[in-house]
Amino acid sequence: MKRIVTLSLTALIWILAGCEGHDMHAETGVSASLALERAQRIAALSYDLQLSIPENADRPVEGRVSLRFELASADAPLQIDFAQRAGDVLSVTAQQKPVNHQFNNEHIIVSPSDLRMGENVITVEFLAPQDAINRNPDFLFTLFVPDRARRAFPVFDQPDLKARYRLSLETPASWVAMGNGPLQSDRIEEDRRVFSFAETDPIPSYLFSFVAGQFEIVERQLRGRQMTMLHRETDKEKLARNIDAVFEVHANALDWLEDYTGIAYPFEKFGFALIPDFPYGGMEHVGAIQYRASSLLLEESPSETQLLNRAQLIAHETAHMWYGDLVTMRWFDDVWTKEVFANFMADKIVNPQFPGTDHALNFLSNHYPQAYSVDRSEGANPIRQRLDNLNLAGQMYGPIIYHKAPIMMRQLELLLGEEAFREGLQTYLNRYAYANATWPALIEILDAKTDIDLASWSATWVNTAGMPHFMLDQATRDDAGNPQWVLQQVDPAGTAREWPQQFSLWSVDRGVQTSLLAAGEVALPAAMQNAPRQNILFNADGLGYGRFPADPVLFNAWDSLSPLQRGVLLVNSFENLISPPYGSALEYFDILQAIVVSEPNELLLELAADQLRYVYFSLLTDAQRQPRITNLETALWETMQAQNSPSMTKVYFELFAQVALSESALTQLHAVWKGDQNIDQLSLQESELIRLAEVLAVRMPDQAEAIIAGQRARTDNPDRLRRLDFIAPALAKDPAVRDAFFESLKDPANRATEVWVSDALRRLNDPTRLAHAAAYLLPSLELLEDIQVTGDIFFPSAWLNSALSAHTSPAAAESVRQFLKDRPDYNPQLRMKILQAADPLFRASQLHNSLRQP
């Protein structure tokens, strides 16, 4: 009887390429094809990881990892991801026998002769640099999203190879630690401490995590839930002000999610660590969420926006335990699905906790400006993007998945109805629990609950970039032959796309609101046909998405509009201001100043203030700004003094500090910083005084050295002091010191704490320093490729925004365009990020050019 031999596709390619018995070439990173091949071969995966963290931060981590898995075929080599040097692989064994492995382009390659069908155990001893685990002097944290686990240990670093992890962590004796799994044992061995964590539930490699270092431990039990928090805050009063709320908001989010999903919390433990200057707001590591400490431990008298942001951040990361952690995307082209559900659910979760807040307005102000900022740009990207290699997965992140996607999801919920939408999500979570899924899989579930073709609906909303422009036209006639006003949806790309959506119109003079289901072209309702067009507020309920008509005359009716309608008017008007043929920046600035000094709603105040800062520094010319400096500063100072709440007083003080340019205004700020002048209801804490010192050092350069020294002397927290010391050269009066600091950022080691780098770069490019800072533009762009390779997922955008956002000149805009023109083969994802970050610059320079036209 003849034996029939079947070969996997990988094995066939390997043999046909003549690689049998020879070195195999591996592609850098984790390609989509490699991930697919491994997902088809590997099952029942688990890791037993042992790491020894040395006291000296310059020494490497010593590690040993055993990978256990079932292999469906052993006829081709197996690539294990490890993004370090070949010499960092100390030994490899398979089935307890030594392996003569290959190492090629960040992969340990095990030959077929060392593999077997069925159960395999591959053990690797290795070294890894401590920057792979974000080592600080006395603490560390891991952050492996999207593909950085492979920098710390050998791993199959792809989201659809979920695994169980068992971790043993040896640290300095004074440290504590937190991992994904429950702590099983904690013992002292001589001058070392060894933590052993229980095996986790199945999780993807990007969610495997641990935190270790000199932290304080706080444990609470709320409503039967045990929670653990790690922190490094030295301000006991700040901790006491915040700690109860931090635990309570977590408990509320967990309760709400269990009720909404019908699924109990799906993992064995729940904890979180508050990390100084963490690169993101938070990261949803299973059972061990990591947060930027300042996002949860708020200063005294926080604003309504700050309280909402904290609650939404906690709700977002907690929602990930179901959306992203329990059910994970198959590949990072669907990373947006976990983010949209976390954001969309967070908006729902916080509503009951803030009964006095206008949540429709909060949704509008939180999501629309940021989504529009990308969708209006030349670098607009779709919600769902193609991804060929995980080493580019970081570029999938941005305002579109965090802010446009929730807007899209709300429209989807409107189409289905809340209950059908909820039932569909429950089916999705139960069907794919502890496994992986795709967006089309969810659409298939939801499609069964409606007559609407959701696949076609999704094709435009999810798979294409940009937004519609809405225009009024009298192109049609009614049955009686009378002209009819119609609202046209125009595709700015010229491809005749339609974005089916629901929203309402409000006739200011008639007090009538009516809803539309708009796609393509739709006649205005009868109640609106004879209403003056300039008195119609489009998207009055804040549900629609696109650039809507907005006439400045509507601001005359400001007092008669609801808070939500006021927010819609601000958002619509700003989009029209900065779009051709452009509005009058000077007139709009005067409108914004009048709103800012009189609007009592904190959400509206901050929305208007954000616009005012951009118009003031970027759209007004120097000749327009100069005569308005004193008037703006005086109006803000007087309005601040008239407030009757500490939170509003602080909102106005911070806005005053951000726009202060005159000698008298800066002298006032300096007196407040020194403690020589007290303002009723204003209490500034250490981190706020540091930020104020940074502003003063930049805008009072002759006193910069004394200001920095004075702030150092009054800063007690060691983490905040390290940050101040890092950023100090960017505040210096001497341009040569600033230039040397910028030059130092070319070394990746000096970019380790990315939040500090972004803050420093923003100070280098302060609006008052643009003449000198223009020299940083081209080098900043030239560094971007290296930053993408060495930095975390949000760092390329943060770097670009810090480098570009304050610039306004046509010369600066041309510098960016020339950079891209000279590099036709530049990384498409990074080109897109540059065009997004440069959009405010392009628009400011174009508006300034338009003012020069006769």
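Pro581 sits in the loop between helix H14 (563-577) and helix H15 (585-596); helices are DSSP runs of H or I with at least four residues, strands are runs of E with at least two, and both are numbered from the N terminus. The model is predicted, so local features need pLDDT of at least 70 and side-chain atom pairs pLDDT 80 or more, while totals for chains, interfaces and linings use all residues. Residues are numbered from 1 along each chain as its sequence is written, and side-chain values use heavy atoms, without hydrogens and water.

Most peptide bonds are trans, and most residues other than glycine have a negative phi.

| Cis peptide bond | Omega |
|---|---|
| Val145 and Pro146 | about -5° |
| Pro580 and Pro581 | about 10° |

Pro146 belongs to the loop between strand E9 (139-141) and helix H3 (149-152). Arg223 is not a glycine, yet has a positive phi of about 50°. Arg223 is in the loop between strand E15 (216-222) and strand E16 (225-231).

Helix H19 (residues 646-659) and helix H20 (residues 663-674) have axes that come within 10 Å and cross at roughly 130°; axes are lines fitted to C-alpha atoms over the stretch in contact, with angles from 0 to 180 degrees between N-to-C directions. This makes H19 oblique to H20, because angles under 35 degrees count as roughly parallel, over 145 as roughly antiparallel, 65 to 115 as roughly perpendicular and the rest as oblique. On the H19 side, Phe653, Phe656 and Ala657 make the contact, and on the H20 side Ala665, Gln668, Leu669 and Val672 (heavy atoms within 4.5 Å).
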